[in-house]
Amino acid sequence: MKILAIESSCDETACAIVEDGRSILSNVVYTQIAIHKEYGGVVPEIASRKHIEKIGDVVQTALVEAKLNKKDIDAVAVTYAPGLIGALLTGLSYAKALAYGLNIPIIPVHHLRGHIAANYLTDIYLEPPFMALIVSGGHSHIVQVNTYTDYKIIGRTRDDAAGEAFDKVSRVLGLGYPGGVQIEKNASGGNINALKLPITEFEDAPFDFSFSGLKTKMINYVHNSRQSNNELNIPDIAASFNYTVAKTLTDKFINAAKHYGQNKLVLAGGVAANTMLRDMLAKRAGEIDAKLHIPSISLCGDNAAMIASQAYYEYLSGNIASEDLNGYATMPIDLCE
Ligand code: KG4
Ligand code: ZN
């Protein structure tokens, strides 16, 4: 079954065609990073407008690269939640019109379910059940994936996502957007123990995260240093921050795996591209005899191939939308229909 998927939840306009959930026939991503860079983060209205301008070309390119015609497509999939609502609606409207015109089903896909599915494309033998750590610009979750469409949230951030902390710390340091990539680049050669940084713990919820205190501490540190005319050691600051985020995520994920007796672990989301996180998790997973699955770097960030992969399993479980499908800025991963 060939599924054409559209992803437009943030600042990537993407279309991909994937066969039977595992084989990528084409995967086209138009990234708006260069446009939003100027503002230090994504400007929602600009993102929506760019999606409208680019979506037609991106879909056409995905068809050409897969050497297919529209009539070869069996179903259209689309990210319908969560995300920037205007951005989501551009992709959703296009997808609905395409499916209606071709008289084929439309499959709604939750963005974070898609991030997990990036791993089904990286390792075609990976199957649930497993435990996943999803870390993106807007979300940080530990999730038990029971089946392809049945999830239980084990832990979540109480405030900012890990990616949000990367983006804001990068911005205050003047390193640019997207923050994770810039922090990682600038951390090279820095001392991970140069700054003593907080890791928030919750007595009643040991697998929940909080990154807002860390983010504020970093911002205050930078402002205070500048006001006192103290020189900022960027590599040390970036390395200490990167290490603290990676350690927080790793400790909680490994503790959750041990607590729930899980030995199949999956990393997902834009922050999954972080080398220190990938290395730290691989080492700690090895220590508890767990197998760690990590998406290939090209599938960590937003793309439509992961949406098409997840869509295949949504379709098999009967999740097909009607023409009144709407977009939602927020939607829990375990509750969507
Ligand atoms: O999943 P994603 O592409 O978009 C959302 O769904 O939010 O994640 C984007 C986030 C951004 O916050 C970005 O700074 C972060 O992923 N990111 C990274 C790295 N590459 C992207 N964070 C840490 N290290 C990286 N190498
Ligand atoms: Zn994402």
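C300 counts as buried at 1% relative accessibility (buried means under 20% relative accessible area, 1.4 Å probe, protein chains only). C300 is in no disulfide, a disulfide being a pair of cysteine sulfur atoms within 2.5 Å. The nearest cysteine sulfur to that of C300 belongs to C10, 16 Å away.

This is a predicted model: local features need pLDDT of at least 70, side-chain atom pairs count only at pLDDT 80 or more, and totals for chains, interfaces and linings use all residues. Residues are numbered from 1 along each chain as its sequence is written, chains are lettered from A and ligands numbered from 1 in the order written, and side-chain values use heavy atoms, with hydrogens and water left out.

The structure holds 0 disulfides. C15 is in none, and the sulfur of C10, the nearest, is 18 Å away. C15 is buried, with a relative accessible area of 0%.

H111 and H115 are 4 residues apart in helix α4 (residues 111-122), so about one helical turn separates them. Helices are DSSP runs (H or I, at least four residues), numbered from the N terminus. Both histidines, H111 and H115, are buried.

## Ligand 1

An oxygen atom of ligand 1 lies 2.7 Å from a side-chain N or O atom of D167. A nitrogen atom of ligand 1 is 2.7 Å from a side-chain N or O atom of E184.

Definitions and conventions. Buried means under 20% relative accessible area, exposed over 50%, partly exposed in between (1.4 Å probe, protein chains only). Helices (H or I, at least four residues) and strands (E, at least two) are DSSP runs, numbered from the N terminus. A polar contact is a pair of N or O atoms within 3.5 Å; within protein, one must be able to donate a hydrogen and the other to accept it, and residues adjacent in sequence count only if both atoms are side-chain atoms.
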